Each structure stands twice: as structure tokens, then as C-alpha cells.
Amino acid sequence: MTRWGILSTGHIAGRFAEDLRLVPGAELVAVGSRTVGSAEEFAGRYGADRAHGSWAELAADDGLDAIYVATPHAAHHEAARICLEAGRAVLLEKPFTLDLATSTELVELARARGVFLMEAMWMRCNPLILRLVELVRAGAIGEVTSVRADFGVAGPFPPEHRMRNPALGGGALLDLGVYPVSLAHLLLGVPQHVQAWAKLSPEGVDENTGIVFGYDSGAVATLGCGMVGATPLTAAITGTTGRIELPEPFFRPGSAVLHRAGAEPETLTDDPTGGGYQYEAAEVQRCLAAGLTESPLVPHAVTLEVMGLLDDIRGRIGVDYA
């Protein structure tokens, strides 16, 4: 049995708690928040035995095997550091932190302590996504020539909302753009060329962002994210002999359509049970049972490469969280 703690009591924490019920061998035993009242309410709602009124108290709970950190991303570094220093395995919500430097600090701390650490990039643990990656690598659509993906939400967000606050890592890129960027990285790796443009809000965060990655192979990734209009949330992977289409939402698809040259389109499907968080929790448990300190599905190197790309893009569009 893997004994889980959840740090934070927001919407995403609740969805993770619900999906944790679907994971064999998982048990939610504790929750931590900055206020004991919030922790107690969450614990009561999701059946946790213990409620802690601080992050440090949760991290010090010796009855835990792993902690899922679900705070807003501006607090990821501090919350994860507290847990790692206490020797707790950590599943840290995406984006890992606000920048590559602080992400690197966490990875180095985890490695120095010999403690498991994984970014909760659920897309990289999704069975259907993994199946599609295997098909691509097996040559099902030939050599990949392009990846297209978008993630835009309608808004509008009021000035006081975290999405418009630079101090909280606001803007579309880290919250939404990390998914298209991660999909391109999953299929094509680190690009050799990066271009980006964005419309910034009065507060200085990106409201509407376009990104182009170029690869020496000749492949191109065209990616978008925004918080001023609801985009289709779809993706397409094109190769020299076919393509794969991912419907809404591409980062947690229930199906995909494989088009091969000279063949009828093939629809691939996934088990619709749960919200998708159960797969990352199961991966953490698999790794812990095997004595691993990082996941082969979401290795530290990948997390840092994607974070480096996000830093690069922010520099090009003029978004500074300092």
C-alpha cells in the first residue's frame, strides 16, 4: 500500500484525490494546507485520516510514502523543497517551477537526498499517448515532419486573477502552453531553432502566444496558447506516410485517429474511466516499488529540457517573473 499525502486543497488537488481511488494499492491518508480549516474540510471530503495546518507538518508526517504537490505553480519550488528535505517522495504539478534555475535546484536536491521526484505531466503517463508514441517510433506514419497543437481558454480573467499576476507566474505559457511544448518535445525532442511572439497584458504576462520550433531534420512544430479565446484543443502529428489526429483535449485524449497512406483511417481508443490523474499516481507507485528515484516516463532531464524551452520562449516574448 502506498500512503499518499496531498499538499494543497484546490480544484486540481480534489481531482487528483478522486482519481487516486482508482489506483490499486493507493491510499490517501493526509492532507496539508496553510490553514488547518481548509485541510480538515478537504480531508473530510476525500476520506483522509489526518489534516495538517502547514506544509511542513505534512512533510514531517512519517506515515506518508509520497506527497502530491498541487499548489499554484509560483509555490511549487518552496512546497517541493520542504517535502524533499523531509525525505518524502514528491509528485510535483506542472510546470515544475517558474524557471529552469529553480527546477534544477529541486532536481539536484532530490538526487543529493536520494528521494524520488517527478513532474506531474500526466500527458506523458497517458496510455493512449504512450501508444501513439510507440506507433510513431515504429514508423507508422513515416518520419515526423510536423506537430501542431493549441491550448487556449476563453477568459476573460479579472485583473486580480492569478493568470494575470506576474508574481504568481501568470500568463498562458506556463499554465497552458506547457502542454503543446511538451507534446512537441515528446515527439521531436529539443528543437534547434525557436521563434515566438505574444500579446502581453497590461501586467506583463502573455495573453496570446504563438511558438514555432524548427529541427535540423526539417520538422516543424507550430504551437499556440492563450487566455483570450477558446481554441479547439486539438493536435496533429504529420509524417511522410500518414498522420495522427488528436481530438479535444489532445493532452488527455479518449481517442485518436491514425491515417496511413493507402489505408482506411483507424480509430484508437482509451479506457474513459477517471480524469487521467490516476496514471501519474500509478507511475509513482511503480517507481517507488522498484526503488527508483526518477521515472523513465517523466525523467528529470526531460522536465529540465522543457523548462529550458519555456525560459527561452519567455525571453523572446518579454515575460519576466522577477
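Mentor: G142 sits in the loop between α6 (127-137) and β7 (144-152). This is a predicted model: local features need pLDDT of at least 70, side-chain atom pairs count only at pLDDT 80 or more, and totals for chains, interfaces and linings use all residues. Residues are numbered from 1 along each chain as its sequence is written, and side-chain values use heavy atoms, without hydrogens and water.

Trainee: Why does G142 count as partly exposed?

Mentor: Its relative accessibility is 21%. Buried means under 20%, exposed over 50%, partly exposed in between (1.4 Å probe, protein chains only). So G142 counts as partly exposed.

Trainee: Which residues is G142 in contact with, leaving aside its neighbours within four places in sequence?

Mentor: V136, T240 and T241. Contact means heavy atoms within 4.5 Å.

Trainee: How do you know that the span of α9 agrees with its 18 residues?

Mentor: The expected span is 1.5 Å times one less than the number of residues. For α9 (residues 300-317) that gives 26 Å, and its end C-alpha atoms are 26 Å apart, so the two agree.

Trainee: What do the buried residues of α9 pack against?

Mentor: α5 (100-113), β6 (117-120), α7 (172-188), β8 (193-200) and β9 (206-214). Among those buried residues are H300, L304 and R314. Just after α9, G318 takes a positive phi of about 85 degrees.

How values were computed:
Helix = DSSP H or I, 4+ residues; strand = E, 2+ residues; numbered from the N terminus.
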